[in-house]
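We will go stop by stop.

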Amino acid sequence: MKFFRLRSAGVIGLIVGMTISVPSQAEKNAFSTAFSTEAKVEALRSSAPEPEAPFGFIFNLDTPPQFVWRSPALAEHGICPTIEEVAWFDAEGKRFEKPEHGGRWIAIVRSKLPDGKTVIRSITLFGRPEGFFLLPLESLGIRLDDIEEGVPEPLATHRKELRQVVERGLLEFLNGEDPRGARLAAALDDSRQEDGAKRLRYGVEDRSRSCELRARLAYEGRTTQLLPPPRHLEKGEQAPELRPAKTPPPAEALAELDRICQGWADESGAPFSSLVAKGGAILHHAAFSPKGNQAIDLDFRADVFSITKAISGILAARFLDAGLFALDQPVSAVFTDFAQHPGHIPTFRQCLRHQSGLKGHGSWGGVGNAWFDHVVFNGIETLEQTPTQKYAGDGFDLVGTAMQLLSGETTTRLFHEGYFAPLGLPLMPYEGMGAGARPTVFQLAVLGQIMANEGRYGACEFFSRETFDAILPTAYEGYENPDPDNKLHFYGLGIRWVREDRDEAGKPLFSRRTIGHGSFSFSVFQVDLENKIVIAQVREKKSQVDAKWYPQFLEAVHGIMIEGKTN
């Protein structure tokens with residue numbers, strides 16, 4: 001046995017009996033070709049045409065913008081798309097030869113690559129109504145107060161100048177330097193209209209997404225089908241709703257849970273809200289802020305990151321239940337161009353179980369890009385489906401794009417109208433399918449209760465028990481002997497089995513039929529299907545002390561829920 005010692009940056013590595021394999025020239029060439037192909041595909045997917053003139057995203061009606069591809073990444077790879085068509089649509093989806101009035105406009109730009117492939121992108125721009133942009137900034141209806149807090153001492157006497165600098169930057173932003181400025185300008189214009197509240201009901205970004213989606217549907221001549229409303233349940237069929245427990249747990253049990261949560265907030269520096277319920281009875285619902293911080297309330301929202309995947313799986317259940325797509329159907333059923341590349345087309349199930357071959361989260365605008373599927377198509381030959389999990393969120397965004405094209409509504413609107421509006425709950429910001437949902441803890445717990453009820457809540461049936469069974473975790477086909485306790489071996493539609501939570505003696509805290517999903521912020525979403533327990537937390541950020549407090553929190557919940565420390 002041979003030993004080789006390596007010293008690098010003060011660290012000694014020990015290699016035992018190691019044989020170093022030198023790749024052949026053919027292997028090097030193959031790797032180089034694959035790397036070059038992937039880099040070229042990424043350059044194309046990440047690029048879009050833009051107005052030729054500076055500050056062109058906001059324009060005067062007498063000089064509508066011309067478009068060019070000027071991406072350095074494309075030039076590096078020798079890719080030069082030729083623009084063949086620019087189709088103009090107003091905010092209502094009506095097509096024009098060129099912009100004819102002030103306000104929001106969507107340009108759909110169709111280009112051709114040297115190899116004959118088509119590239120389509122859409123861009124939101126803004127045509128200036130007469131007299132819309134005049135100094136000062138107050139002419140836009142915006143007033144920036146002088147900065148009062150958090151200013152370093154040397155700048156304390158220059159607060160007014162700081163405000164003017166910010167105002168100048170915002171004016172440049174709103175004068176067409178950045179595409180986001182055009183979307184903001186369009187929202188400001190929307191807000192000044194008689195029906196401004198209706199236009200912006202779902203938010204500034206959703207308004208832009210909806211208009212771009214409407215333009216695409218008109219451009220392609222697609223027909224759409226709205227999701228049916230939830231089925232109404234008669235009194236004898238109705239399911240538990242979240243309500244305050246008629247008989248709460250003993251005061252000392254709740255005090256201990258409060259102590260743990262407050263200690264967690266204090267030591268982590270992260271505010272959070274928490275809700276635990278059993279059979280619909282809310283046994284603990286509170287918000288916690290670190291000492292010395294501004295207190296949050298139960299309306300607190302934060303990005304729950306990858307718990308969004310579970311939320312998106314719940315939205316997909318509505319489409320499955322309505323028969324708008326099937327899990328093992330290829331996505332080419334909606335994205336017909338994909339059919340040209342058999343062997344590279346994922347199914348809806350693969351997209352929702354991290355097997356699509358896509359690798360990122362929110363790439364290329366994600367579901368907020370009305371042409372996201374087409375961006376994926378501009379490299380579909382590199383898409384290889386996998387027999388096991390390759391964790392990513394882009395597959396969820398691909399399914400979200402299909403949902404939008406099938407229904408004609410953005411995912412934000414679909415979720416609200418499909419779940420929360422029928423229950424009288426407020427709008428939940430929902431920026432992406434793999435991350436970006438911002439529920440209150442009550443909203444997150446309601447979704448948990450729907451899962452505990454196998455698709456029902458109160459008088460609403462959102463999806464059938466058959467659909468519920470279809471979205472539960474199943475084994476990946478790539479494992480010959482999948483381990484039921486290995487969280488990587490089983491996955492559902494954005495949910496997994498949660499079986500690792502144990503007490504100090506190693507005994508499971510909850511049943512083996514507990515589902516949920518983790519979160520980058522350490523937010524919590526768990527549902528014990530057997531005991532009908534819902535555990536939800538919405539927190540702002542994770543910390544190094546979460547591993548200390550989380551087990552204490554779960555054991556306290558277990559004591560109340562399972563051991564019967566309740567009256």
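**Stop 1: a hairpin**

Select strand 6 (residues 82-90) and strand 7 (residues 95-96). They run antiparallel, and two bridges join them. Strands here are DSSP runs of E, at least two residues long, and helices are runs of H or I, at least four residues long, both numbered from the N terminus. Two strands count as paired if DSSP finds at least two bridges between them. Strands of a sheet pair through backbone hydrogen bonds, either parallel or antiparallel.

Click tryptophan 88. Opposite it, in strand 7, stands phenylalanine 96. Now look at the turn: four residues lie between strand 6 and strand 7. In this hairpin, glycine 93 has a positive phi near 85°.

A word on the source: this is a predicted model, where local features need pLDDT of at least 70, side-chain atom pairs count only at pLDDT 80 or more, and totals for chains, interfaces and linings use all residues. Residues are numbered from 1 along each chain as its sequence is written, and side-chain values use heavy atoms, leaving out hydrogens and water.

**Stop 2: another partner**

Pick alanine 87 and find its bridge partner in strand 8, isoleucine 108.

**Stop 3**

Next, show the seven strands in the order 11-13-12-21-20-19-18. They form an open sheet with mixed pairing. Strand 11 (243-244) and strand 18 (496-497) are at the edges with a single partner strand each, so one side of each has no neighbour in the sheet.

Zoom in on strand 11 and strand 13 (residues 281-288), which run parallel and share two bridges. Proline 244 stands opposite isoleucine 282 of strand 13.

**Stop 4: two helices**

Select helix 8 (residues 307-321) and helix 12 (residues 411-420). They pack at about 70°, and their axes are 11 Å apart. Axes are lines fitted to C-alpha atoms, for helices over the stretch in contact, and angles run from 0 to 180 degrees between N-to-C directions. The two helices are therefore roughly perpendicular (65 to 115 degrees).

Show side chains at the contact (heavy atoms within 4.5 Å). Helix 8 brings residues including Ile311, Leu315 and Phe319. Helix 12 brings Leu414, Phe415 and Tyr419, among others.

**Stop 5: an open sheet of three**

Finally, select the strands in the order 10-15-14, an open sheet with antiparallel pairing. In strand 15, glutamate 461 is the bridge partner of arginine 456.

Methods. Angles under 35 degrees count as roughly parallel, over 145 as roughly antiparallel, 65 to 115 as roughly perpendicular and the rest as oblique.
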